[in-house]
Amino acid sequence: DLQPGRSTFLQQAKLYKELLKEPHVGLALDPEWRLLTAQDRHLKSIGSVTATEINQTSKWLADLVKENNLPQKIFVVHQFRLDMILNRVRLNTSRKELGFVIQMDGHGTLSQKNDTWNTLKSGLNPNIYMGWKNFFNEDKPTPTPKQTMTHTPKPSLITYQ
């Protein structure tokens with residue numbers, strides 16, 4: 001799970017090249033922690049990333065998978081606000097080497113999380129799977145597995161933090 005600050009996701013991903021050659025290791029990008037301007041500060045600003053930067057990172061990873069004859073890798077991008085991925089409609093999800101997941105990363109009440117889910121799934125490329133994250137401390141209360149699985153489409157990835 002990359003949280004690059006003022007670096008880029010691609011620069012940071014390349015640091016883990018040998019680990020990413022392992023067949024069971026996927027990659028996640030956390031735009032909340034990608035700061036684009038000198039004025040942005042962690043925990044005061046919600047970061048964002050351009051579709052171009054995500055595409056550069058996913059192309060590099062897909063090429064690594066292909067060159068090393070690896071099985072498809074999960075490629076996760078966390079999101080809880082639309083402005084976290086700039087020009088999201090331009091995401092290139094055509095590389096079969098990657099299973100592309102947008103993970104709904106919001107926390108709060110179940111109603112708030114459902115609203116975030118519905119916002120994020122709207123206009124989403126059909127090649128993108130949806131993921132859901134439950135938080136033990138920030139959700140009020142933490143959704144049950146049954147509540148988590150009531151969504152359409154059903155989450156392809158569920159994580160707890």
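By the rule used here (a side-chain nitrogen of Lys or Arg within 4 Å of a carboxyl oxygen of Asp or Glu), the count comes to eight salt bridges. This is a predicted model, in which local features need pLDDT of at least 70, side-chain atom pairs count only at pLDDT 80 or more, and totals for chains, interfaces and linings use all residues. Residues are numbered from 1 along each chain as its sequence is written, and side-chain values use heavy atoms, with hydrogens and water left out.

**View 1. The salt bridge of Glu53 and Arg34.** The two side chains meet at 3.0 Å, N to O. Glu53 lies in helix H3 (residues 51–67) and Arg34 in the loop between strand E1 (27–29) and strand E2 (49–50), so the pair ties together parts that are 19 residues apart in sequence. Helices (H or I, at least four residues) and strands (E, at least two) are DSSP runs, numbered from the N terminus. Both Glu53 and Arg34 are buried. Buried means under 20% relative accessible area, exposed over 50%, and partly exposed in between (1.4 Å probe, protein chains only).

**View 2. The salt bridge of Asp83 and Arg81.** Here the N to O distance is 3.0 Å. Asp83 is partly exposed, with a relative accessible area of 41%, and Arg81 is partly exposed at 35%.

**View 3. The salt bridge of Glu97 and Arg95.** These side chains meet at 3.2 Å, N to O. Glu97 counts as buried, at 10% relative accessibility, whereas Arg95 is partly exposed at 24%. Salt bridges that share partners join Lys59, Asp63, Arg95 and Glu97 into one network.

**View 4. Helix H4, residues 110–121.** H4 has twelve residues and reaches 16 Å from its first C-alpha to its last, close to the expected 16 Å. The expected span is 1.5 Å times one less than the number of residues. Lys113, Thr116, Trp117 and Leu120 of H4 are buried. Seen down the axis of H4, the buried residues fall within an arc of 100 degrees, so they line one face of the helix. The arc is that of the directions from the helix axis to the C-beta atoms. An α-helix has 3.6 residues a turn, so residues three or four places apart point the same way.

**View 5. The surroundings of H4.** The buried residues of H4 pack against strand E3 (73–79), strand E5 (98–104) and strand E6 (129–134), where contact means heavy atoms within 4.5 Å. Gly123 follows H4, and its phi is positive, near 75 degrees.
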